[in-house]
Amino acid sequence: MHCELSMKCSFSISGGELMQVWFCVALFLLCISASGSMDSCLMIWSMKPQMRAYRFVGHKDAVMCVQFSPSGHLVASGSRDKTVRLWVPSVKGESTVFKAHTATVRSVNFSSDGQSLVTASDDKTVKVWTVHRQKFLFSLSQHINWVRCARFSPDGRLIVSASDDKTIKLWDKTSRECIHSFCEHGGFVNHVDFHPSGTCIAAAGTDNTVKVWDVRMYRLLQHYQVHSAVVNSLSFHPSGNYLVTASNDSTLKILDLLEGRLLYTLHGHQGPATCVAFSRTGDLFASGGSDEQVMVWKTNFDVADYGDVLKTQKSGTKMDCAVHPKKTKPQDSGGNHEQQEEETSLENTLEHIMRQLDILTQTVSILEQRLTLAEDKLKECLENQQNIMNVLKNKVS
């Protein structure tokens, strides 16, 4: 494996902590949002030398999140002013306002076809919008605390959301039902995203960990404890083989998902690293921090292998999540038959164990739901009892 990293360029902006960075591959632009109390703007920078930066004004409070549409013709932003704006990234900087949330909007994300937008808010809801008709469609509202992040799956059928209630919820976009809740994080979940194949998700939390789950079997695949502070953001390399993370420990970490290990630790930010994102081609990634610096890094991840991945994606072949134990090649010897029988027996045993674990996981999930219902009923009974006591007191007085 060949991997090289180098700093390509950096930008300084005033306006406070950087909340999100995002690339536009079509126009080779970098979009930045900042949460400083004095800044309610978003910035678009050209990566070409000596090109000016564009500043877009419209939000009434800090801009918390930003993303280019897949075509690069639109930019979505969310703000502390409770609104979502859809911008045309031109000199005029015209925008359309979406209003439905009742609190800070912390996340915006386009579907891969650019037709839909999903947003997440401190009002504890996830909302889905149609882009071209510019209308609110529906809400997903089973979280019981702020929702930090929401993302579409690559095929647009699923939505994943991360919340301060310490859960990650997987939603079916068509039925609008929550089909699974991941509850393994020990703290708030700051960020979540789908693997390019759509078969896995990765999440970053305030418990300093990064976790990777299979969304088909609902099981934990990998657990990384490589940061010494809160993990704020993460991004998959387009090949699906690498993951970059940003943390309050001021570092960026590159994880090799095939080997299941830490590959690189990058130092550059003077303070918490708050956001990170790969470009769509995977040859660059950008990071931002509370030091008001945006850094653009150049990568060289297995260029030859990545070319094969791109060919696979263009041909329409379904990719599987590349987060599995490696398979060994069979040896050409006389003892192959016995070895294959032993391997088959071992695989059958492991499959049986995994099935039993899945059953246990589903059972625990059902018990958790029943416990939640019981707690809600108990709370309702206590409230009714208190109301009755208040009525009796009023009558006595």
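**Entry 1: an aromatic cluster.** I began with rings. Phe-98, Trp-129 and Phe-136 form one aromatic cluster. I noted at once that the model is predicted.

I then searched the whole structure for ring pairs, and the search gave 7 aromatic pairs. Trp-129 and Phe-136 make an edge-to-face pair, with 5.5 Å from centre to centre and 70 degrees between the planes. Why does that angle count as edge-to-face? The cut-off is over 60 degrees, so the pair qualifies.

I looked up another pair, Phe-278 and Phe-285. Their ring centres are 5.4 Å apart and their planes stand at 65 degrees, so this pair is edge-to-face. Are Phe-278 and Phe-285 buried or exposed? I found both of them buried.

Entry 2: Strand S12 covers residues 126-130 and strand S13 covers residues 135-140. The two strands pair in the antiparallel sense over 5 bridges. I picked out one partner: Lys-127 is bridged to Ser-139 in S13.

S12 and S13 form a hairpin, with 4 residues between them. In the turn, Gln-134 has a positive phi of about 55 degrees.

Entry 3: Strand S26 spans residues 273-278. How many of the residues of S26 are buried? I counted 6 of 6, and the strand is mostly covered.

S26 runs antiparallel to S27, and 5 bridges join them. Cys-275 has Gly-288 as its bridge partner in S27. The hairpin of S26 and S27 has 5 residues between the strands. Gly-282 in this hairpin takes a positive phi near 85 degrees.

Entry 4: I followed the chain past S27. Asp-291 lies in the loop between strand S27 (284-289) and strand S28 (293-299). Asp-291 is buried, yet has no salt bridge. I looked for the nearest side chain of opposite charge and found Arg-55, 16 Å away. Why is there no salt bridge between them? A salt bridge needs the nitrogen and the carboxyl oxygen within 4 Å, and Arg-55 is 16 Å away from Asp-291.

What does the side chain of Asp-291 reach? I found the backbone nitrogen of Gln-293, at 3.1 Å. I also listed contacts, leaving aside neighbours within four places in sequence. On that list Asp-291 is in contact with Gly-268, His-269 and Gln-270.

**Entry 5: salt bridges.** I asked for the total, and the count comes to 6 salt bridges. I wrote down some of them.

- Arg-157 pairs with Asp-155, and the closest N and O atoms are 2.9 Å apart. Asp-155 has 43% relative accessibility, so it counts as partly exposed.
- Lys-211 meets Asp-207 at 3.6 Å, N to O. Lys-211 has 5% relative accessibility, so it counts as buried.
- Arg-216 meets Asp-214 at 3.1 Å, N to O. Arg-216 is partly exposed, with a relative accessible area of 43%. Asp-214 is buried, at 2% relative accessibility.

Entry 6: I turned to Asp-61. Where is Asp-61 placed? I found it in the loop between strand S5 (54-57) and strand S6 (63-68). Asp-61 is partly exposed, with a relative accessible area of 27%.

Asp-61 and Ser-40 are 21 residues apart in sequence, and their C-alpha atoms are 4.8 Å apart in space. Leaving aside neighbours within four places in sequence, Asp-61 is in contact with Ser-40, Ser-79, Arg-80 and Asp-81.

**Entry 7: the whole chain.** I ended with the totals. The protein chain has 2 helices and 28 strands. Of its 397 residues, 48% count as buried.

Terms used:
Residues numbered from 1 in each chain as written. Predicted model: local features only at pLDDT ≥ 70, side-chain atom pairs only at ≥ 80, totals over all residues. Heavy atoms only, no water. Buried < 20%, exposed > 50% of the residue type's maximum accessible area, 1.4 Å probe, protein only. Lys, Arg positive; Asp, Glu negative; His and termini not counted. Polar contact = N/O pair within 3.5 Å; in protein donor to acceptor, adjacent residues only side chain to side chain. Contact = heavy atoms within 4.5 Å. Phe/Tyr/Trp six-rings, centres within 6.5 Å; stacked < 30°, edge-to-face > 60°. Pairing = 2+ DSSP bridges.
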